[in-house]
Amino acid sequence: MLSSNTDLSGLSLSSGTLSPVFASGTTSYTASVANGVSSITATPTVSDSNATVKVNGTTVASGAASGDISLSVGSNTITTVVTAEDGTTTKTYTVTVTRAAAALSSNADLSGLSLSSGTLSPVFASGTISYTASVANGVSSITATPTVSDAGATVTVNGIAVASGATSGTINLSVGSNTITTVVTAEDGTTTKTYTVTVTRAAAALSNNADLSGLSLSSGTLSPVFASGTISYTASVANGVSSITATPTVSDSNGTVKVNGIAVASGAASGDISLNVGSNTITTVVTAEDGTTTKTYTVTVTRAAAALSSNADLGGLSLSSGTLSPVFASGTTSYTASVANGVSSITATPTV
């Protein structure tokens, strides 16, 4: 009579340990393996040498290992079916193998970091976390492009999330030192690494513009008409003008200006400048923002001489002896006077 024995006398795995311990009458087991175990084999041994056995549908010789069984992360079922010698009686043993998930990475390195302007110093290396870079004054903003070493890591630039290998948002730069902070958080969610770049934006070049955009006098008219490139002028004023002011206006608001050696605010009148009859020189010196470039504008002001008088009157007339008759008056031109016989000479004193 053919045997109906479908028991296994043994069942083992190439990795992991059966739980509970194998017993012929126990048909359900569990086992756990590390994430690094991506496949496994099962070795079933039948109690009756005439029985046959299959593992996951594939015939296996009693006491021999099955073919490799691939394991996914998580739960995997391995089914071992024993068929008795009679060809009809079967028994199924089930092993649920749990493959562990991969350990979360603690890699918080960058594999690359670049700026849209300027060059990192030193050259980027994952283990170096502090850098400097310099940009021209004309560069008022910048972007940073970080690339993580581990695809599971995340990264922020100045506190804002950025995709690995993508550019950050625009970062405004002040003149001088600006700090850009790139923080990488590893896949494990706790490990971080901070990369710092100090970007120095150059100051604007100081202007060498020493031009005036305007120059005027309180009296008289400049000749020729004012132009920034013309530095010599003349002007004429009447004799009655005994003083004058000059109003210079600089082309560059950071320039400074002096009139006859005295500082004057751009667009404001100078102090009074006394004028002699004849030629008078007014010197306006502009100093550019750079502190070294200067330009001198000269105005020669001619004050007219006083007009000649046509007054031919006397203010007074007297004699050393005698008395004028009538009494002296500027408009009276004829007089008489009497003296004693003893007066043989006389003097006259006229006052104009």
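Mentor: Please do, and bear in mind that this is a predicted model.

Trainee: How many aromatic pairs does the structure hold?

Mentor: A pair of aromatic rings is described by the distance of the centres and the angle of the planes. Rings are counted as a pair if their centres lie within 6.5 Å. The number of aromatic pairs in the structure is 7.

Trainee: Is the pair of Phe-124 and Tyr-195 stacked, tilted or edge-to-face?

Mentor: The ring centres of Phe-124 and Tyr-195 are 6.0 Å apart, with 40° between the planes. Stacked requires under 30 degrees and edge-to-face over 60. The pair of Phe-124 and Tyr-195 is therefore tilted.

Trainee: How many residues apart in sequence are the parts that this pair ties together?

Mentor: Phe-124 lies in the loop between strand E10 (110-115) and strand E11 (130-135). Tyr-195 belongs to strand E18 (residues 192-201), so the pair ties together parts whose separation in sequence is 71 residues.

Trainee: Is Tyr-195 buried or exposed?

Mentor: The relative accessible area of Tyr-195 is 0%. Buried means under 20%, so Tyr-195 is buried.

Trainee: In which sense do E11 and E18 pair, parallel or antiparallel?

Mentor: E11 and E18 are joined over 6 bridges. Within this pairing, Tyr-131 has Val-197 in E18 as its bridge partner. The sense of the pairing between E11 and E18 is parallel.

Trainee: Which residue in the turn between E17 and E18 has a positive phi?

Mentor: Strand E17 (residues 176-185) pairs with E18 in the antiparallel sense over 10 bridges, and Ser-177 has Thr-200 in E18 as its bridge partner. E17 and E18 form a hairpin with 6 residues between them. The turn residue with a positive phi, of about 80°, is Gly-189.

Trainee: Is Thr-145 buried or exposed?

Mentor: Thr-145 sits in strand E13 (residues 144-148). Among the residues it touches, beyond four places in sequence, are Gly-112, Leu-113 and Ala-166. Its relative accessibility is 16%, so Thr-145 counts as buried.

Terms used
Residues numbered from 1 in each chain as written. Predicted model: local features only at pLDDT ≥ 70, side-chain atom pairs only at ≥ 80, totals over all residues. Heavy atoms only, no water. Helix = DSSP H or I, 4+ residues; strand = E, 2+ residues; numbered from the N terminus. Buried < 20%, exposed > 50% of the residue type's maximum accessible area, 1.4 Å probe, protein only. Pairing = 2+ DSSP bridges. Contact = heavy atoms within 4.5 Å.
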